[in-house]
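Here are my notes for a first look. Have the structure open while you read.

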Amino acid sequence: MDYIRTEVPPKQAPATSCDYCGRPFAAPDRLTLHKGLAHYGVISASEKESFKSELADEADELRTFRLKALGMLVILYFGLLLMYAIFA
Amino acid sequence: MPSSHNTDPPVDESEIKSSADHSTTKLEQMRFRRPLRLGIQFVIWTVVIAFFVDTVSAANGLTLSGGSRDELAIPQWLYLGTGGATVGASALLASFVTDRIFIRKIHEWNRPLLPVDRWEGVVTKVGRAVGVVILILTIYVGYMGPQLPNASFAILVTFAGGRAALPMVAYLIGNVWSILNPWRTIALVLPTGFQTYPSKIKRWPAVFGLLTLVWIEVIFPVSTVPTVLATAIVGYSVVTLAGAVVFGVDPWFENADPLAVLFGLYGAVAPIQRHNGTIQVKLPGSELTNAEILSDTSDIAFVIALIWELTFSGFITTSAGAGTVSTLVGIVPVELIPTTVQATVVYTVLFVVGFLVFFAAYWYAANLSRQWVGTYVSTETLRRSFAPSLLAIAAGYHFAHYAGLFISLSPALVMALQSPFTPPANPIVLTLPGWFGGLSIASILVGHLLAIGAAHAVSYKIFASRLVAIRSQYPFVLVMIGYTVISLWIISLPSAIPPFLQ
């Protein structure tokens with residue numbers, strides 16, 4: 001992952017940064033996920049716990065997102081169907 | 001590089017966003033806001049003029065002389081909207097795939113095909129010999145042979161072969177240019193490397209070279225008059241060999257030679273890749289998630305130039321493009337300057353400004369993406385990581401624009417290869433079947449779908465949070481939709497001969 005460069009806005013201290021690789025994160029939940037994904041072998045048991053609960057939270061959010069995306073697809077589909085029925 | 005602050009209180013999301021765009025990206029925004037605004041205005045005006053001109057010429061019945069292929073059974077806006085919606089819908093569908101391991105497995109899937117060492121020597125020698133012989137024949141026949149575009153060995157090999165078939169081989173199968181490249185073969189026997197290649201200028205010479213080659217193709221009659229083509233090839237050879245001798249073979253062909261860079265990048269789309277001395281089969285486009293393909297802004301500019309040159313040369317050969325050029329040439333009331341000079345200026349300005357607009361759109365998408373998800377990942381990283389996916393789009397455009405040309409000229413090309421010195425009296429030019437237009441539309445859409453898939457995998461590599469990864473793609477998807485709609489619009493227009501050029 002060394003090709004990822006980061007820039008923290010100069011007047012602002014980074015919200016959080018990773019203890020293992022130093023990469024700064026704008027929000028703590030992203031850092032928790034990053035630690036679990038990139039450093040799973042070395043992180044402490046409590047960090048593993050919080051990674052797992054963060055993953056569960058993320059899964060919930062993803063489910064909500066999927067419903068929204070499905071809604072968009074349905075709107076797109078029926079929108080196009082209507083357009084074709086009227087204009088083609 | 002980042003410093004370690006572990007226990008700062010969590011910062012409000014909106015605060016992060018606003019401070020991010022006020023500080024680091026502010027300079028970039030200021031630098032790009034004005035050109036961007038001008039660019040957007042330019043695009044709007046061009047489109048307005050183009051539509052206006054198209055309706056006028058259609059009303060006059062002029063398009064019939066250009067060989068109309070306007071056979072759309074649905075309104076044009078619905079056709080364009082459907083194309084854009086297809087890309088958008090596929091991005092939405094891709095966002096349903098949230099299993100990290102699955103995504104990584106798909107893009108890392110490969111099967112070793114052959115170890116290279118057994119046959120590499122022979123194939124390289126034969127390929128290099130073929131490349132050099134064809135280059136010499138092309139120049140010789142260009143000057144001494146018949147001056148007929150559809151029968152000249154020089155023109156058929158350069159355009160049906162080098163312009164149409166070789167890039168298709170590069171993105172559909174694998175890059176063979178690294179072996180065929182005749183200039184590289186010649187440079188290998190010359191004394192080289194008198195200067196070190198200035199690493200500061202990166203691949204900008206290749207970007208400039210590619211734009212220059214396309215500009216020459218548009219302005220000069222290289223595709224119709226063999227002597228002009230041969231002169232252009234001699235000029236290119238002199239520049240290339242001089243560059244390779246001064247800076248060394250590998251530095252020159254990796255950074256400054258537009259053709260070598262072009263084939264190398266098209267080759268990244270291909271299913272056949274070379275890794276550590278073996279030839280591997282991969283899924284098409286899966287190599288585009290490799291962050292090492294592009295390393296600098298100049299590389300991104302090259303990728304955008306690939307998309308733009310195909311869009312531009314497509315546009316000026318349509319009735320709307322020809323009409324736009326005629327209108328712009330007519331606007332300037334300068335009687336003293338000859339029309340051909342005015343037309344050259346118009347073509348050049350359109351070409352350069354359009355490229356800048358396409359580049360600015362992508363550049364701005366990365367800024368937008370960074371602000372939108374409030375990440376600390378630099379815009380430079382975002383730009384560099386997402387840009388390889390655009391190569392699949394370029395490949396789709398290339399196929400849409402050149403597959404037809406290659407197939408219709410392929411019998412003539414075969415005949416020319418069999419007897420370079422005695423062209424046939426009646427060269428066969430195939431007429432394409434009606435469904436071929438559908439194949440062009442399909443290839444543009446397939447290119448975009450590969451690009452969407454690659455962008456999805458790239459975002460998962462960069463971001464730890466999957467929601468952030470999904471949201472970071474939106475601006476890039478919007479730019480891709482924009483490119484698709486423009487490209488689909490161009491191939492739906494009736495074709496015409498670009499005005500004022502020989």
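How many residues does the contact take from chain A and from chain B?

1. The contact, meaning heavy atoms within 4.5 Å, takes 43 residues from chain A and 48 residues from chain B. Keep in mind that this is a predicted model, where local features need pLDDT of at least 70, side-chain atom pairs count only at pLDDT 80 or more, and totals for chains, interfaces and linings use all residues. Residues are numbered from 1 along each chain as its sequence is written, chains are lettered from A and ligands numbered from 1 in the order in which they are written, and side-chain values use heavy atoms, with hydrogens and water left out.

2. About 4200 Å² is buried between chain A and chain B, with carbon and sulfur atoms giving 64% of that. Buried area here is the accessible area (1.4 Å probe) that two parts lose on being put together, summed over both. Tyr3(A), Glu7(A) and Arg30(A) supply 16% of what chain A buries against chain B, more than any other three residues.

3. Two salt bridges cross the interface of chain A and chain B, counting a side-chain nitrogen of Lys or Arg within 4 Å of a carboxyl oxygen of Asp or Glu. Take a look at Glu58(A) and Arg466(B), whose side chains meet in a salt bridge at 3.0 Å, N to O.

4. Now turn to Ile304(B). Leaving out residues up to four places away in sequence, Ile304(B) touches Phe355(B), Phe358(B), Phe359(B), Tyr362(B), Leu390(B) and Tyr483(B).
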